Amino acid sequence: MTIELQRLEDEPIVVDDLERLSFRVDRRAYTDDDVAAQEMARIFDRCWLYIGHESEVPEPGSYVSRDVGGRPVFMVHGSDGVIRVFANSCTHRGALLCSQPAGQVKSFRCPYHDWTFSNKGELTGVPIPDGYGPGFRKADFGLAEHRSDSYRGFVFVTFDPEQPRTLTEYLAGATEYIDLVADQSETGMEVIQGAQLHGAQANWKLMMENSVDIYHFRALHKRYVSYMQSLGSVPPRRRGGFARALGLGHGANELPPAAARPLAHWTPMFDPELRPRMEATAARFVEKFGAERAQRITGMNRALMIFPNLMIIDAIALTIRKIDPVGADRMAITSVALAPKDEDPEIRELRKSHYLTFLGPAGFATPDDIEIIESCQRGYRNSTVRYSDLSRGMDKEIPETTDELPAREFWRQWDRMMHGDDGHFEVARQVELQGAEQE
C-alpha cells in the first residue's frame with residue numbers, strides 16, 4: 001500500500017514526542033515506493049548534494065563523471081581554472097558525453113553525431129553546419145551548467161534554481177567538522193586514486209543511520225574488536241565522546257580513537273618505528289593550533305553526516321562515502337579515501353591498508369554493516385511491527401556517542417522537507433536560543 005504526501009499529516013511517518021521522550025519512524029519510510037519517489041523531488045532536487053573533491057580534478061581538462069541525486073553529471077576543471085558541474089547529456093540529442101568515470105580532455109565529443117564541447121561547456125564544433133538554418137547559433141547549445149560551489153575542497157551541486165542558501169549557509173554547523181578534516185594538512189587534502197563502488201539491497205536511509213550509530217560497534221563488529229586486541233590496541237568502551245545535531249539534518253559523533261589514527265595518534269597496532277614521526281606531527285599541530293584544537297584534529301575520531309546522503313568518517317582512515325537511493329529497497333555507495341597531500345609515504349601506505357581493512361567493501365566493518373541493514377530491510381516485510389525506535393539519549397542534556405541524536409536530526413529535516421519546509425525557521429530558532437544563552 002502506498003501513502004500519498006497529503007496523508008502524512010493524518011498518518012505521520014516521524015513521530016517526535018518530546019513530552020514522552022519518544023522518537024519513532026514508521027517503517028513505510030524505508031519500504032514504500034511512492035515515498036522513495038517523492039524523496040527525489042522533495043529532497044534530492046532541492047538540497048545541496050556532494051559531487052566530489054577538488055583534488056579529483058587537479059588540472060585543466062581533468063574531469064570525473066558520476067550520478068548525483070539520480071542525475072548523470074560531470075565535474076570538470078576548465079582551461080580557465082574554474083571547476084564547473086555540467087549535465088552529462090549532449091544538448092543535441094541527449095547522449096552521455098562522459099562514459100568513463102574520470103579522464104583528461106581538452107574537449108568533449110558526443111559519440112552520436114560528433115558535436116564537440118570545450119571543457120568550459122561551450123559548443124565548439126558541429127559537423128555539416130550548413131544543414132542548419134540561419135537562426136542556428138552555437139551559443140544556444142552550450143552544456144547545461146548546474147549551480148555548484150565548494151567548501152574547503154568539498155564540491156556540492158544543487159538542482160534547485162531557487163535554492164535560497166549559499167553552500168556555507170546550507171552546511172550550517174557541519175563546517176566545524178569539515179574544518180577539522182581539512183586542517184589535517186597545510187598543503188591540502190587529496191582523494192587517493194581509486195574508488196570503491198558497491199551497494200546494498202536496503203533503503204539508503206538505513207546506511208545513513210548506521211554510519212552515525214556508535215551503539216552497534218561492539219555488538220556487530222566483534223571480529224574487528226578481536227583483531228585490534230590481537231594487535232595490542234584495546235578499544236575503549238565508547239565513553240568520553242559526544243553526539244551533536246548540527247542543524248538542517250546534519251549531525252556528528254566525536255570520540256576517542258578505538259585504534260590508531262594515521263595522522264598523529266600511535267598505538268601498538270602500528271610499527272614502533274613510526275611512533276617518533278607521529279608524535280612529532282602531533283607536536284607541530286599543538287604549536288600551530290593550540291593543545292585543545294590539535295587534540296581534536298589529531299586525537300579524536302569523528303563521523304560527520306551531511307544531509308541528505310554524505311558521510312565523512314575520520315578514524316583509522318578517512319573516507320568520503322556518498323550513499324545514493326536506487327528505489328525504496330536498493331542503494332548505491334561510492335567510497336574514496338582522503339589523505340593529506342604531504343603525508344609521509346610509509347604512513348600513506350599504512351593508511352590505505354587500514355582503510356581497506358576496516359572501511360573497504362571487503363573489510364571488517366562494511367560487510368557487517370551491509371548484512372545488518374539488509375537484514376533490517378527484510379525484517380520490515382513483516383508490517384506487524386510498524387515503527388523503529390530512535391529515542392536513545394533523548395533524556396540527556398549532553399548526548400553520548402552511543403545516543404541517537406544525529407539520526408533524529410536527520411529524520412527531523414527529512415520530515416520537514418517532505419512537508420515542503422526547508423528548516424529555515426528551526427535553524428533561526430536555534431541561532432536565537434544560542435544567542436540568548438551567550439547573553
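**A first walk through the predicted model**

Let me begin inside the chain, with Ile178, which, once its neighbours within four places in sequence are left aside, is in contact with Tyr151, Arg152, Phe154, Leu171, Leu304 and Ile306. Ile178 is found in helix 4, which covers residues 174-182, and with a relative accessibility of 0% this residue counts as buried. If you look for Gly153, which is 25 residues away from Ile178 along the chain, you will find that the two C-alpha atoms are separated by 9.6 Å.

The mean pLDDT of the protein chain is 91, and 92% of the residues reach 70 or more. The stretch to treat with caution is residues 428-439, over which pLDDT stays under 50, and for which the model has 1 contact beyond four places in sequence.

Now to the chain as a whole. How many helices and strands does the protein chain have? There are 13 helices and 21 strands in the protein chain. The radius of gyration is 23 Å, close to the 22 Å that the globule rule gives for 439 residues, so the chain is as compact as a globular protein of that length. Taken along the principal axes, the box that the C-alpha atoms fill is roughly 75 × 60 × 50 Å.

Of the 439 residues in the protein chain, 52% are buried, and the chain exposes about 20,100 Å², of which carbon and sulfur atoms supply 50%. If we consider the contacts in the chain with a separation of 6 or more, 65% of them are accounted for by residues 24 or more positions apart.

As background, most residues other than glycine have a negative phi, and most peptide bonds are trans. Against that background, Ile128 has a positive phi of about 50 degrees although it is not a glycine. Where is Ile128 found? Ile128 sits in the loop that runs between strand 10, residues 123-125, and strand 11, residues 145-151, and at 65% relative accessibility Ile128 counts as exposed.

Arg152 has its place in the loop between strand 11 and strand 12, the latter being residues 154-158, and with a relative accessible area of 37% Arg152 is partly exposed.

There is also a cis peptide bond to point out, joining Phe307 and Pro308, with an omega of about 5 degrees. Pro308 lies in the loop between strand 17, residues 301-306, and strand 18, residues 310-314.

Thr334 has its place in strand 20, residues 331-340, and although Ala195 is 139 residues away from Thr334 along the chain, their C-alpha atoms are separated by 6.8 Å. Which residues does Thr334 touch, not counting those up to four places away in sequence? Thr334 touches Gln196, Leu197, Ile320, Arg321 and Lys322.

Asp395 lies in the loop between strand 21, residues 387-389, and helix 12, residues 405-418, where, with a relative accessible area of 59%, Asp395 is exposed. Asp395 and Arg20 are 375 residues apart in sequence, and from C-alpha to C-alpha they are 9.6 Å apart in space.

My last pair involves Lys222, which lies in helix 7, residues 222-230, and which at 52% relative accessibility counts as exposed. Lys222 and Gln295 are 73 residues apart along the chain, and their C-alpha atoms are separated by 28 Å.

Terms used
Residues are numbered from 1 along each chain as its sequence is written. This is a predicted model: local features need pLDDT of at least 70, side-chain atom pairs count only at pLDDT 80 or more; totals for chains, interfaces and linings use all residues. Side-chain values use heavy atoms; hydrogens and water are left out. pLDDT is the predictor's confidence in each residue, from 0 to 100. Contact means heavy atoms within 4.5 Å. Helices (H or I, at least four residues) and strands (E, at least two) are DSSP runs, numbered from the N terminus. The radius of gyration is taken over C-alpha atoms; the globule rule is 2.2 Å times the number of residues to the power 0.38. Buried means under 20% relative accessible area, exposed over 50%, partly exposed in between (1.4 Å probe, protein chains only). Accessible areas come from the Shrake-Rupley method with a 1.4 Å probe; for residues, only the protein chains shown count as cover.
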